[in-house]
Amino acid sequence: MATQARIGQAVLGVLMIGCALTGLFPRPVPLLFAIAAVGTANAAFPLMRTFGSALLGGVAASSIALSSVPFVTCSSERFTEVFTCTGDAPTWHLTGTVLVAGLSGASLVLARITDQ
């Protein structure tokens with residue numbers, strides 16, 4: 001079971017890195033993907049599992065917290081430098097943050113499976 005969980009974490013890490021590098025998501029979503037990939041890599045090793053799990057939990061929580069922010073801030077001219085507000089950027093931001101939260105949560109579950 002531990003081997004399958006590590007393979008799953010490797011697949012999730014590759015997905016996270018791929019999403020960070022594609023460039024479809026507005027900032028700061030690629031940064032969240034990169035941090036989640038680092039957390040996944042750390043959660044794969046027994047020595048760093050606690051740090052990786054904490055990092056994954058933090059990324060999942062922060063991405064959920066950031067998911068709706070562009071919809072609120074893009075209605076005001078003052079915050080357009082923090083989040084990209086052109087075209088479909090708020091929708092892509094929401095999509096990216098939900099993907100980050102889902103992949104981080106899945107990696108967190110796999111890290112806990114390898115703990116047992």
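Leu-55 sits in helix α3, which spans residues 49-66. The model described here is predicted. Leu-55 is partly exposed, with a relative accessible area of 22%. Beyond four places in sequence, Leu-55 touches Ile-35, Val-38 and Gly-39. Its C-alpha atom is separated by 8.9 Å from that of Ala-43, 12 residues away along the chain.

Asn-42 belongs to helix α2, residues 29-43. The relative accessible area of Asn-42 is 16%. Because buried means under 20%, Asn-42 counts as buried. With residues up to four places away in sequence set aside, Asn-42 touches Met-48, Arg-49, Phe-51 and Gly-52.

Ser-107 lies in helix α5, which runs over residues 89-115. Relative accessibility is 0% at Ser-107, so this residue is buried. Neighbours within four places in sequence aside, Ser-107 is in contact with Gln-9, Leu-12, Met-16, Thr-40 and Leu-56.

The unreviewed UniProt entry annotates residues 7-25, 31-47, 54-72 and 92-111 as "transmembrane region". Two of these segments were examined for secondary structure. Residues 31-47 are 76% helix and 0% strand. The end C-alpha atoms of that segment are 24 Å apart. Residues 92-111 are 100% helix, again with 0% strand. Here the end C-alpha atoms lie 28 Å apart.

Definitions and conventions
Residues are numbered from 1 along each chain as its sequence is written. This is a predicted model: local features need pLDDT of at least 70, side-chain atom pairs count only at pLDDT 80 or more; totals for chains, interfaces and linings use all residues. Side-chain values use heavy atoms; hydrogens and water are left out. UniProt positions are given in the numbering used here, feature names are shortened, and annotations may be inferred rather than shown by experiment. Helices (H or I, at least four residues) and strands (E, at least two) are DSSP runs, numbered from the N terminus. Buried means under 20% relative accessible area, exposed over 50%, partly exposed in between (1.4 Å probe, protein chains only). Contact means heavy atoms within 4.5 Å.
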